[in-house]
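Okay, thanks for coming, everyone.

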Amino acid sequence: MSFGEKLKKMRNEVGLSQQALADCLHVSRQAITKWENDCGMPDMINLKAISKLFNVSIDYLLDNIQKEPRIVLTENFDLNDFDKDKYKTKYIAFEAMLKKRYPPYSHPSINIY
């Protein structure tokens, strides 16, 4: 997926018009159109702003990859002493802990492995 395709997809997913995105980035609507049609690329300042706005990495924006970005948890969790009366498996205990600690757990990019 190209940068332009990703930008358009992300913009549509959050319900922004090209003009609204342009206003957020302090650029013209024509610049957004040009980027979405892969006829040009934003500068580094705008790439950083787009990355922050949509909560994706610059690598994701620039790499020609198909996969959606995933949220990676770097926090350590010890599940060796999970409550066996309450949870049948470590997986279920881990999922319950995530739901409790991170309430917007329903986000589609959060995967448990």
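Let me start with a question: does Ser51 count as buried or exposed? It counts as buried, because its relative accessibility is 12%, and buried here means under 20% relative accessible area, with exposed over 50% and partly exposed in between, using a 1.4 Å probe and protein chains only. Ser51 sits in helix H4. Not counting residues up to four places away in sequence, Ser51 touches Val56, Ser57, Ile58 and Leu61, where a contact means heavy atoms within 4.5 Å.

Some housekeeping. This is a predicted model, so local features need pLDDT of at least 70 and side-chain atom pairs count only at pLDDT 80 or more, while totals for chains, interfaces and linings use all residues. Residues are numbered from 1 along each chain as its sequence is written, and side-chain values use heavy atoms, with hydrogens and water left out.

Now the overall picture. The chain has 6 helices and 0 strands, and along the sequence that reads α-α-α-α-α-α. Helices (H or I, at least four residues) and strands (E, at least two) are DSSP runs, numbered from the N terminus. Of the chain's 113 residues, 29% count as buried. Among contacts between residues at least 6 apart in sequence, 48% join residues at least 24 apart.

On to the core. By nonpolar core I mean a set of buried Ala, Val, Leu, Ile, Met, Phe, Trp, Tyr and Cys residues joined through side-chain atoms within 4.5 Å. The largest one has 15 residues, and Phe3, Leu7, Trp35, Ile50, Phe54 and Leu61 touch the most other members. Helices H1 (3–13), H2 (18–25), H3 (29–36), H4 (44–54) and H5 (58–62) each supply at least two residues of this core. Take Phe3: leaving aside neighbours within four places in sequence, Phe3 is in contact with Trp35, Asp38, Met41, Pro42, Leu47, Ile50 and Leu61.

How do the helices pack? The axes of H1 and H4 come within 11 Å and cross at roughly 40 degrees. Those axes are lines fitted to C-alpha atoms, for helices over the stretch in contact, and angles run from 0 to 180 degrees between N-to-C directions.

Then H2 and H3, whose axes come within 8 Å and cross at roughly 110 degrees, so they are roughly perpendicular to each other. Here Gln18, Gln19, Leu21, Ala22 and Leu25 in H2 meet Arg29, Ile32, Thr33, Trp35 and Glu36 in H3.

A quick word on loops. Most residues other than glycine have a negative phi. Asp38, in the loop between H3 and H4, has a positive phi near 55 degrees, and at 40% relative accessibility Asp38 is partly exposed. Asn55, in the loop between H4 and H5, also has a positive phi, near 55 degrees, and Asn55 is exposed at 70%.

Last, cysteines. Counting a disulfide as a pair of cysteine sulfur atoms within 2.5 Å, we get 0 disulfides. Cys24 is partly exposed at 43% relative accessibility, and Cys39 is exposed at 61%.

Key:
Angles under 35 degrees count as roughly parallel, over 145 as roughly antiparallel, 65 to 115 as roughly perpendicular and the rest as oblique.
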